[in-house]
Amino acid sequence: MQVDLNGRVAFVTGGGNGIGQAIARKLAGNGASVAIADIDHEGAKQTAAELPSAIAAHVDIRDVAQVEAAIGATLDAFGRIDILVNNAGVNTFKKRVDIDEFDKDEWHRVIGIDLDGLFVVSRAALAPMVKQGAGRIVNVASVVGLTAMRLQSAFVAAKAGVIHLTRSMALELGPKGILVNAIGPGSVMTEGTKKLFYGEDGTFHAQQRNFMAHIPFGRPATVDEIAEGVLFLSAPENSYMTGHLLMVDGGWTAGFMM
Ligand SMILES: NC(=O)c1ccc[n+]([C@@H]2O[C@H](COP(=O)([O-])OP(=O)(O)OC[C@H]3O[C@@H](n4cnc5c(N)ncnc54)[C@H](O)[C@@H]3O)[C@@H](O)[C@H]2O)c1
């Protein structure tokens, strides 16, 4: 899809790697200036360096002062913020276990980044958008926010929170000219998931072939396929959709494959 984002400014969290990097490239490829905010400063700098008009900010989205500084730096560099993509997120790093054994600190870490961090960034980015009387927010949720999966309760709860927070934000911000939507990726072939789920060469482990059998398309998404959805939700062409959850999941949540 090609849209005209010339003169628009996007702030993308977690844009140094994976899906966020593809989103930053996609928005820039359609004319936007992009601020890439990531705890991985090197990744953010590398992504920014390859784009025609971009800055990199070293940000932990849980840290209000760092987030506000990055929003300030974006306004200094480009004068406005039109699009916020809340993409930064983590799942549990630990061995996946049932809720009765789930580590309390790990719970707070995942919720702290995926849900609290999204709130912190949204709040800071909203000040210029409200002043402009216009803006777009795209929250990156997940299929597991809609239909749960075992052994990752913190991630499931955080993403369900993101989906419903999106609706709440849409209600409050619609009268202020700001559209708020969420995107729900299924399994996505990033470097991270390649190591976790698939062979380094992208071939599926036996367990994953089983998993893929539950997805009508039988394969994970590319990062570019997720970025296309974000582009549509960010574009001027989307002028009447807010509070929506756009699933880009190869049919995962359409029903049960037998
Ligand atoms: N990959 C998948 O299969 C998949 C599926 C559904 C949803 N998602 C969601 O998509 C988003 C991107 O995931 P990804 O697969 O590209 O992951 P990734 O690990 O490749 O990238 C995540 C990015 O977020 C950054 N980040 C992590 N914690 C941060 C923090 N506290 N502050 C700032 N930046 C931080 C990381 O440095 C990284 O650049 C996440 O919200 C994830 O939950 C991914």
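## Basis of the model

Residue numbers start from 1 along each chain, in the order in which its sequence is written. Because the model is predicted, local features need pLDDT of at least 70 and side-chain atom pairs count only at pLDDT 80 or more, whereas totals for chains, interfaces and linings use all residues.

## Domains

The protein chain is assigned domain 1 (9-186 + 226-249) and domain 2 (188-220), with bounds that come from an automatic or database domain assignment. The C-alpha centres of domain 1 and domain 2 are 24 Å apart. Five residues from domain 1 and five residues from domain 2 form the contact, where two residues are in contact if their C-beta atoms, placed from the backbone, lie within 7 Å. On the side of domain 1 that touches domain 2 there are three nonpolar, two polar and no charged residues; in this classification Ala, Val, Leu, Ile, Met, Phe, Trp, Tyr, Cys and Pro count as nonpolar, Asp, Glu, Lys and Arg as charged, and the others, Gly among them, as polar.

## Shell around the ligand

The ligand is surrounded by 29 residues, of which Gly14, Asn17, Gly18, Ile19 and Gly89 are the closest; a residue is near a molecule if its C-beta atom, placed from the backbone, lies within 6 Å of it. By class, the shell holds 10 nonpolar, 15 polar and four charged residues. Since domain 1 and domain 2 both give residues to this shell, the ligand lies between them.

At least two residues of the shell come from each of α1 (18-29), α4 (104-132) and α6 (191-196), where helices are DSSP runs (H or I, at least four residues) numbered from the N terminus. The largest share, three residues, is supplied by α1.

Helix α3 (residues 64-78) and α4 have axes that come within 9 Å and cross at roughly 30°, the axes being lines fitted to C-alpha atoms over the stretch in contact and the angles running from 0 to 180 degrees between N-to-C directions. This makes α3 roughly parallel to α4, a term for angles under 35 degrees. The crossing of α3 and α4 is right-handed, meaning that the near helix is turned clockwise from the far one by less than a right angle. Val64, Val67, Glu68, Ile71 and Leu75 of α3 meet Val120, Val121, Ala124, Ala125 and Pro128 of α4, and this contact comprises nine nonpolar, no polar and one charged residues.

With helix α5 (residues 153-173), α4 packs at an angle of about 20°, their axes being 9 Å apart. The two helices, α4 and α5, are therefore roughly parallel, and their crossing is right-handed. From α4 the contact includes Trp107, Val110 and Leu118, and from α5 it includes Phe155, Val162 and Met169. By class, the contact of α4 with α5 has 11 nonpolar, two polar and three charged residues.

## Packing of α1 with α8

The axes of α1 and helix α8 (residues 223-234) come within 8 Å and cross at roughly 50°. The crossing of α1 and α8 is right-handed. Among the residues that make the contact are Gly18, Ile19 and Lys26 of α1, together with Val223, Asp224 and Leu231 of α8. Nine nonpolar, two polar and three charged residues take part in the contact of α1 with α8. Gly18 and Ile19, which belong to this contact, are also among the closest residues to the ligand.

How values were computed. Parallel < 35°, antiparallel > 145°, perpendicular 65-115°, else oblique.
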